[in-house]
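User: I am new to this structure and would like to learn how to read it with care. Could we go through it together?

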Amino acid sequence: MKYQQLASEILAGVGGRDNVKSLEHCATRLRFKLHQRDKADAATLKNNSGVIMVVESGGQFQVVIGNHVSEVYAALEQAAGLDGDATAAPKEKKDGLFSRFIDVVSGIFTPLIGVMAASGILKGLLALTLTVGWLQADGGSYRLLFAASDALFYFFPIMLGYTAGKKFGGNPFITMAIGGALTHPLMLAAFEGSQLPGAAREYFFGVPITFINYSSSVIPIIFAAWVSCKLEPWFNRLVFSSLRNFTTPMLCLAIVVPLTFLLIGPVATGLSHLLANGYQSLYAVNPLVAGALMGALWQVCVIFGLHWGLVPLMINNLSVLGRDTLAPLLLPAVMGQTGAALGVMLRTRDARLRVLAGSAVSAGIFGITEPAVYGVNLPNRRPFIFGCVGGAIGGAVVGYFHTATYSFGLVSVFTFAQIIPSGGLDATVWGAIIGSLLSFMIAATASYLFGVPTPPPATADAPLHPAPLQRKQTVASPLAGDVLPLEQVNDATFASGLLGKGVAIVPHCGRVVAPVDGRVASLFRTGHAIGIASDDGIEVLIHVGIDTVKLDGQHFSVRVKQGDRVRQGELLIEFDQVAIHAAGYDTTTPIIISNSDDYVDVLATDAAAVPEQAPLLTLLR
């Protein structure tokens with residue numbers, strides 16, 4: 001239940017249900033595709049305490065939630081019936097080729113990323129048990145656990161067939177069946193037979209068949225699924241509606257499966273080998289430089305969502321080469337940002353930042369760096385830079401030792417188990433450990449010493465107490481009503497002060513006026529909340545009522561538009577207080593200074609009640 005309010009606020013922030021073209025989620029982010037971007041209110045979403053950051057990349061409107069993203073996604077599904085499927089779209093601007101590529105890759109791999117990471121970690125832990133002698137490779141315990149860890153990758157064409165079919169807009173069970181044909185025991189036996197000396201060539205109606213082991217392959221099934229999804233609507237138009245349910249799948253399977261074995265598979269497999277060998281050639285030129293570049297830039301790629309373009313390359317390396325040298329280069333990048341957050345946690349005097357940094361360190365160790373990057377390091381700038389510097393140095397060390405992983409998973413502390421080769425611990429493993437620790441320590445030390453601004457120490461000539469504050473700014477009351485301390489508001493988000501300091505008003509009438517001269521910086525389509533940016537740099541958030549977003553605009557009349565210039569006292573919103581109370585909602589209205597951190601303090605009036613435009617808040621600069 002606690003995620004339903006956040007889900008409603010996010011849905012309103014992206015422009016409502018009708019503006020959502022599709023929705024997916026990964027480890028930390030909700031990934032929206034919107035019909036019209038200008039209907040989304042990124043500024044208000046960023047100010048929501050349940051949202052870490054809003055990022056626009058790869059044609060997606062990404063709302064970074066953190067470790068609870070799956071719960072928020074489930075609440076969105078329940079609240080608005082969002083299940084990831086596209087809805088009919090109005091005319092919209094076409095995304096660029098690169099953005100579409102990133103969108104396709106993320107859409108295909110995102111649903112599998114959790115189980116891929118789990119399978120990879122389990123494989124790594126099994127390698128560790130063999131190294132220390134806890135299990136034997138020919139024992140029943142090892143075989144059962146290995147089957148559990150390897151099943152996803154062995155039958156990858158089936159899994160990817162399903163997700164690719166959904167992404168390309170076709171019947172995912174048809175494309176799943178195509179993937180099943182690629183890994184069918186009869187086809188695998190034919191492949192093994194074709195490798196024997198003097199094996200006879202087999203033909204499909206006179207056309208020679210090239211048998212390939214498609215287990216664990218990536219690219220062939222994606223191409224095959226795309227072809228099937230293009231043929232499917234064409235067959236649906238040709239076949240009577242009463243026959244489509246079985247005729248269209250039959251035609252897709254009968255055409256695409258042979259086409260895959262005869263043409264798509266061999267071409268895609270050749271492309272797979274070309275990509276793997278091309279990467280290996282570039283890596284071989286100078287692994288040290290490659291490690292430094294990936295260690296420094298990986299988190300930058302994550303910020304913009306560009307990292308999805310490299311995920312298929314890592315999986316393809318494992319499929320073609322049996323190992324991947326790209327993922328280990330990213331381990332110092334992850335540990336660098338985690339170390340930077342630790343340095344901030346140990347240094348800062350801000351209790352809220354310390355708590356946020358502490359949780360970010362815990363998440364970062366397990367491979368989730370968004371809380372550290374968006375919540376701690378980027379806002380303070382220098383810690384993020386120190387994390388990238390540490391990642392570059394550590395990545396160079398890992399590259400120098402030619403470390404490789406032997407299974408796929410999220411880059412995290414568990415990666416150390418995944419880099420153990422079949423022969424046991426060697427220099428490549430120690431290289432990864434040294435590089436990651438070096439990155440972590442450099443970033444943590446630099447962030448502790450230089451990452452958080454500290455007030456100058458008192459000198460002999462300076463008083464121990466600061467001089468009187470030089471500047472005060474006043475915010476007028478946007479409503480007439482009784483004044484209530486913020487901590488008494490019946491909403492934990494406002495009462496905790498996470499959104500900023502301020503006060504609440506229990507309104508006497510249904511009018512909201514501008515508290516300052518400025519412009520409308522943010523405006524919910526539901527009309528229950530508005531943000532004003534003053535000409536003096538004050539950011540005021542006025543939230544009419546508690547949970548009133550659920551009214552979906554009922555009983556609210558907005559008199560301004562986002563971006564409008566307003567004068568103090570100008571009417572912004574009218575609301576029917578009686579109707580809102582009758583609907584079961586509290587009209588207590590928090591007035592928040594969103595950029596409270598820019599001020600020494602925010603002081604509320606001592607009056608028990610205020611009229612419109614009376615002095616309400618005093619800001620000490």
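User: What is the mean pLDDT of the protein chain, and where is confidence lowest and where highest?

Analyst: Where pLDDT is low, the predicted coordinates should not be read in detail. In this predicted model the protein chain has a mean pLDDT of 84, with 91% of its residues at 70 or more. Confidence is lowest in helix α4 (residues 97-109), with a mean of 71, and highest in strand β10 (residues 511-513), at 95. Over residues 86-93 the pLDDT falls below 50, and over residues 458-470 the pLDDT likewise stays under 50.

User: Which domains does the assignment give for the protein chain?

Analyst: The assignment gives domain 1 (3-80), domain 2 (97-281), domain 3 (286-451) and domain 4 (472-620). The C-alpha centres of domain 1 and domain 4 lie 24 Å apart, and their contact takes twelve residues from domain 1 and twelve residues from domain 4.

User: How should I read the area buried between domain 1 and domain 4?

Analyst: The size of an interface is often given as the accessible area lost when the parts come together. Between domain 1 and domain 4 about 1,000 Å² is buried, and carbon and sulfur atoms give 59% of that area. Helix α1 (residues 4-13) gives the most to the side of domain 1 that touches domain 4, with five residues. By class, that side of domain 1 has one nonpolar, nine polar and two charged residues.

User: How many salt bridges and polar contacts join domain 1 and domain 4?

Analyst: The count of salt bridges between domain 1 and domain 4 is zero, while two residue pairs are in polar contact across the interface, both at pLDDT 80 or more.

Key:
Residues numbered from 1 in each chain as written. Predicted model: local features only at pLDDT ≥ 70, side-chain atom pairs only at ≥ 80, totals over all residues. Heavy atoms only, no water. Domains from an automatic or database assignment. Contact = heavy atoms within 4.5 Å. Buried area = accessible area lost by both parts, 1.4 Å probe. Salt bridge = Lys/Arg side-chain N within 4 Å of Asp/Glu carboxyl O. Polar contact = N/O pair within 3.5 Å; in protein donor to acceptor, adjacent residues only side chain to side chain. Helix = DSSP H or I, 4+ residues; strand = E, 2+ residues; numbered from the N terminus. Nonpolar A, V, L, I, M, F, W, Y, C, P; charged D, E, K, R; others polar. pLDDT = per-residue confidence, 0-100.
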